[in-house]
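Subject: Model for you to look at

Hi,

Here is the model I said I'd pass on.

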Amino acid sequence: MIKTERLVMIPGPTPVVRSIQNEMARPTVAFGDPCFVADYKQLVLDLQEMWGCGEGGQAFVFAGSGTLGMEMALANTTKRGDKILVCSNGAFGDRFKKMCLRKGLDMDVLATDHWGTSITAEMVEAKLKEKKYAAVTVTHVETSTGVMAPIAAIGEVLKKHPETIYIVDGVAAAAGAEENLEKMGIDIVLSCSQKAFGVCPGLTVLWASKAALDRRASLGELIPESYCDFNEWVPVMRDPSKYWGTPAVNLIWSLKESVRIIKEEGLAERYARHIRIAKLIDQSVEKLGFKVAAEEGFRAPTLTVYLYPAGVDDAKFRAAVAEEGAVVAGCLGEFAGKGFRMGHMGNIDKHVITGAVAAVARACVKLGVKADVAGAMDVLLRGLAQEK
């Protein structure tokens, strides 16, 4: 039997299409090469425009991870002793907590009473009536629960508090769920290359408003952090022939190709497509007997946590799915052992979607899990037939 090729369907890294892979395979040039400098500069300008950085705002792209983006957001907008509100819908929202403790921030945590639901604008507004905060953090899509926070509604609340910097963790959302700094009143969105952008891991991507840059200026010439200091990177982003840290040349090219693909599809259609595909996959997997962990109204378009029917062994099931051709992720925290996480973001096509759901269905058959396989595939194939 020929070995079954495995689709990577975890919440990141996501599948990388051939044209983006080709950019990784280009001969690497000097980071001062005029052609590369021009490509890098255009990428930054495109990201600023597409995410609505506004006049005086700035996009940043440099070697790093989403976690570095989280640290960059805090480093440039807060100082020891500042009050900060961390809004958490799960494990990655909680990751801000340890960063705040390391920085010596006076932290309040606003958490949901159970996994699968989200912090709301009303909850944030109530906290802001109690005290003033230097910054508020919100995770747009919580990777551990598949929950999407209402960042636009929260942004309307934050617009009434211009003294507070609004930080959005867009790691599992950017390029798959709508984000716009100007429109939504956001000061910082942070992300990375390997999620909905559909690029290999290795790049930190961050967007900052003028208010965020002004906050950095208010902190003085030097902050404790070095590599992720806005003041060191702004000159490079505006003129990539300048140097602070060595750029990941081929990854920059890959992200530029990703942005070209996004522009060709159109941001509005890309966001709409993610919503359509997420609903379709959810309906199909629910037909197999699984339950979507996130509550209606808070479901992410980029990934889903599916909870098992009674009697399903987590490790055996995910191993069976891998044998059938798709790698899915285990769950974290409160959901650990109770289900699996599937990414459905980026540039995935009908073949990938069909193959991934079919692998889950075949695993059900292999392990004797009671599942409406015919119903699941009928829902999926009829839905995909309506896609362009």
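Predicted model: local features only at pLDDT ≥ 70, side-chain atom pairs only at ≥ 80, totals over all residues.

Residues are numbered from 1 along each chain as its sequence is written, and side-chain values use heavy atoms, with hydrogens and water left out.

**The sheet**

Four strands form an open sheet in the order β11-β12-β15-β14, with antiparallel pairing. Strands here are DSSP runs of E with at least two residues, helices are runs of H or I with at least four, and both are numbered from the N terminus. Two strands pair if DSSP finds at least two bridges between them. β11 and β14 (329-330) are at the edges with a single partner strand each, so one side of each has no neighbour in the sheet.

Going across it:
- β11 (residues 291-292) is joined to β12 by two bridges, and V292 has Y306 as its bridge partner.
- β12 and β15 (residues 339-343) share five bridges; T304 is partnered by M342.
- β14 and β15 pair over two bridges, with G330 opposite F340.

Have a look at β12 (residues 303-307) in particular. Five of its five residues are buried, so the strand is largely enclosed by the rest of the structure. Buried means under 20% relative accessible area, with exposed over 50% and partly exposed in between (1.4 Å probe, protein chains only). In a regular strand the side chains alternate between the two faces of the sheet. Here L303, V305 and L307 are buried on one side, and T304 and Y306 on the other.

**The helices**

Helix α11 (residues 267-287) lies across β11, β12 and β15, at about 15° to β12. Axes are lines fitted to C-alpha atoms, for helices over the stretch in contact, and angles run from 0 to 180 degrees between N-to-C directions. Contact means heavy atoms within 4.5 Å.

The axes of α10 (residues 249-265) and α11 come within 6 Å and cross at roughly 90°. That makes α10 roughly perpendicular (65 to 115 degrees) to α11. I261, I262 and E265 in α10 meet L267, E269, R270 and R273 in α11.

G12 and P13 are joined by a cis peptide bond, with omega about 5°. P13 is in the loop between β1 (7-8) and α1 (18-24).

A175 is not a glycine, yet its phi is positive, at about 80°. A175 is in the loop between β8 (165-169) and α7 (181-184), and at 0% relative accessibility A175 counts as buried.

Cheers

Definitions and conventions. Parallel < 35°, antiparallel > 145°, perpendicular 65-115°, else oblique.
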